[in-house]
Amino acid sequence: MTSISQPLPDANPLAAHLATSDLRFARVVVGIDFSAPATVALKTAIAIGKIYGSELLLVHAVTPFFSEQEQEPIAPNALHADLEGAQTEMKWLIANEPMLRGVPHITTVCFGEADDLVEQVARTKKASLIIVGSHGSAGLERLTLGSVSERILRKAPCPVLIVGPRCRAEAEPFRSIVLATDLKTTGLRAAQYAAALAARGHGTLTLLHVAPPTSTATEDPVTTQ
């Protein structure tokens with residue numbers, strides 16, 4: 001395994017080669033489902049919004065629950081109560097997130113599937129980035145329900161940042177970036193993107209490539225500064 005860790009100050013020739021243009025996150029879509037991972041995703045989006053001067057688009061999808069036994073359609077008043085409850089919860093979330101003050105934001109709360117609504121808002125508003133939290137579902141739950149964040153990733157018209165269940169919000173989210181590459185399918189574009197994030201955040205970019213094991217390979221990783 002070879003790991004190359006390289007700081008990226010402005011005068012570094014590597015930064016000039018990789019970071020060909022500055023990234024601009026004018027609008028950032030944030031998926032909100034009122035869970036703990038979504039709260040961390042929101043805090044991460046706020047930190048990024050303050051760095052890039054972004055407008056945050058907070059999106060929550062209200063999905064009516066249908067059981068297999070239900071034969072009758074859901075009453076309109078029940079649907080209205082679900083939507084109204086979600087709107088109230090979104091207002092409470094905004095009112096109780098002090099970091100959001102001073103950051104421009106708008107909310108979208110309506111019926112639909114989460115991945116479809118996030119994709120629609122991102123495309124309509126020409127978002128530069130989507131941020132969602134992941135519950136880290138595994139096993140039967142993942143096979144049955146699938147991963148909403150994974151479906152968003154496949155449909156998204158722009159880059160997607162998935163905040164894992166073990167992550168915590170950081171004021172400087174890009175101070176250290178690892179770019180994992182197989183040197184084949186992950187090309188220069190991904191490296192340029194990672195380098196631009198590291199340069200803007202005054203961070204460190206680590207390029208990581210794991211070579212297949214061979215009989216002569218050493219067990220200890222080689223690090224080049």
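Reader: Let's start with the cysteines: how many disulfides does the count come to?

Author: A disulfide is a covalent bond between the sulfur atoms of two cysteines. The rule here asks for a pair of cysteine sulfur atoms within 2.5 Å, and by that rule the count comes to zero. Before we go on, this is a predicted model: local features need pLDDT of at least 70, side-chain atom pairs count only at pLDDT 80 or more, and totals for chains, interfaces and linings use all residues. Residues are numbered from 1 along each chain as its sequence is written, and side-chain values use heavy atoms, with hydrogens and water left out.

Reader: Is Cys158 buried or exposed?

Author: Buried means under 20% relative accessible area, exposed means over 50%, and partly exposed is in between (1.4 Å probe, protein chains only). Cys158 counts as buried because its relative accessibility is 12%. Cys110, at 25%, counts as partly exposed.

Reader: Which residues touch the most other members of the largest nonpolar core?

Author: In soluble globular proteins, nonpolar side chains tend to be buried together. A nonpolar core here is a set of buried Ala, Val, Leu, Ile, Met, Phe, Trp, Tyr and Cys residues joined through side-chain atoms within 4.5 Å. The largest one has 35 residues, and Phe25, Leu56, Leu58 and Ile131 touch the most other members. Several elements supply at least two residues each, including strand S2 (27-31), helix H2 (36-52) and strand S3 (55-62). H2 gives the most, with seven residues. As for the labels, helices (H or I, at least four residues) and strands (E, at least two) are DSSP runs, numbered from the N terminus. There's also a second, separate core of 15 residues, which includes Val29, Ala61, Ala127 and Val160.

Reader: What does Val59 touch?

Author: Contact means heavy atoms within 4.5 Å. Leaving out residues up to four places away in sequence, the partners of Val59 include Val29, Gly31, Met90 and Leu117. Val59 lies in strand S3, and it counts as buried because its relative accessible area is 3%. Look at Gly31 too: its C-alpha atom is separated from that of Val59 by 5.1 Å, though they are 28 residues apart along the chain.

Reader: Which residues of helix H4 are buried?

Author: In H4 (residues 114-124), they are Asp115, Leu117, Val118, Glu119, Val121 and Ala122. Their cover includes S2, S3, strand S4 (105-111), S5 and helix H6 (148-155).

Reader: Where does Lys126 lie, and what is its phi?

Author: Most residues other than glycine have a negative phi, and most peptide bonds are trans. Lys126 has a positive phi near 55° and lies in the loop between H4 and S5. Its relative accessibility is 64%, so Lys126 counts as exposed. Phe34 also has a positive phi, near 65°, and its place is in the loop between S2 and H2. At 22% relative accessibility, Phe34 counts as partly exposed.

Reader: Which residues lie nearest the centre of the largest pocket?

Author: Work on a 1 Å grid over the protein atoms alone: a pocket is an open set of points with protein on both sides within 12 Å along at least five of seven lines, and lining residues have an atom within 4 Å of a point. The largest pocket is lined by 31 residues, with Val160, Leu161, Phe174, Tyr193 and Leu197 nearest its centre. H7 gives the largest share of that lining, seven residues.

Key
1 Å grid on protein atoms, 1.4 Å probe; cavity = no way out; pocket = protein on both sides within 12 Å on 5 of 7 lines; lining within 4 Å.
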